[in-house]
Amino acid sequence: MKGTIIRKIEKLDNEALLKIIRAVFEEHDAPKEGTVYSDPTTADLYALFSKESAVLWVAEVDGVVVGCCGIYPTDGLPAGCAELVKFYLDPTARGLGIGKALMKKSIESAKSLRYDKIYLESFPEFSKAVKMYRNLGFRLLENPLGNSGHHACSIWMLRSEEPTKIKAL
């Protein structure tokens, strides 16, 4: 991870992140409709994450944006729960620990923003990411939570600081 910086999103990151996100969907032949791929907010992530209760972390290697991951207060989630969102890495940044660093930074941010549960949505096509989520304490759910608008997702997971609360949802 030499030369890697993890920092909050800046307005200038919008175009690079849009390209990375869309390229990941195309690479894995993941659904494009009903996902972040076609979500109009993806073109201006800086504005989306300007909320006080949200944060998007950007990874940069030698000055080049290579990925992102963040926490967002998605409408309709249970109290104390936020969504882990926009976890995408350029292929050149995979296998270097950058994704894990982004995830851990996002989980720490959720705690500092006083969320005790983190929800996420994904796809079978992103199986390596799903394995990482499991290794970081996320557990599968049978149904989606909240109103992300990404109805094409078919994997829903939750991480709780109090594991017994997962079953209560």
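**View 1. Aromatic rings pair up in 9 places in this predicted model.** Rings of Phe, Tyr and Trp (its six-membered ring) pair if their centres lie within 6.5 Å; planes under 30 degrees apart count as stacked, over 60 as edge-to-face and the rest as tilted. Take Phe25 and Phe123: their ring centres are 6.0 Å apart and their planes meet at 80°, so this pair is edge-to-face. Phe25 belongs to helix 1 and Phe123 to the loop between strand 5 (117–122) and helix 4 (127–135), so the pair ties together parts 98 residues apart in sequence. Helices (H or I, at least four residues) and strands (E, at least two) are DSSP runs, numbered from the N terminus.

**View 2. Helix 1 has buried residues, including Leu17, Val24 and Phe25.** Buried means under 20% relative accessible area, exposed over 50%, partly exposed in between (1.4 Å probe, protein chains only). Phe25 has 0% relative accessibility, so it counts as buried. Over on the other side of helix 1, Glu15 and Lys19 are exposed.

**View 3. Lys105 puts its charged end over the ring of Trp57, 4.6 Å from the centre.** That label needs NZ of Lys or CZ of Arg within 6 Å of the ring centre and within 35 degrees of the ring normal. Lys32 likewise lies over the face of Tyr37, 5.7 Å from the ring centre.

**Reading the views.** Residues are numbered from 1 along each chain as its sequence is written, and side-chain values use heavy atoms, with hydrogens and water left out. As the model is predicted, local features need pLDDT of at least 70 and side-chain atom pairs count only at pLDDT 80 or more, while totals for chains, interfaces and linings use all residues.
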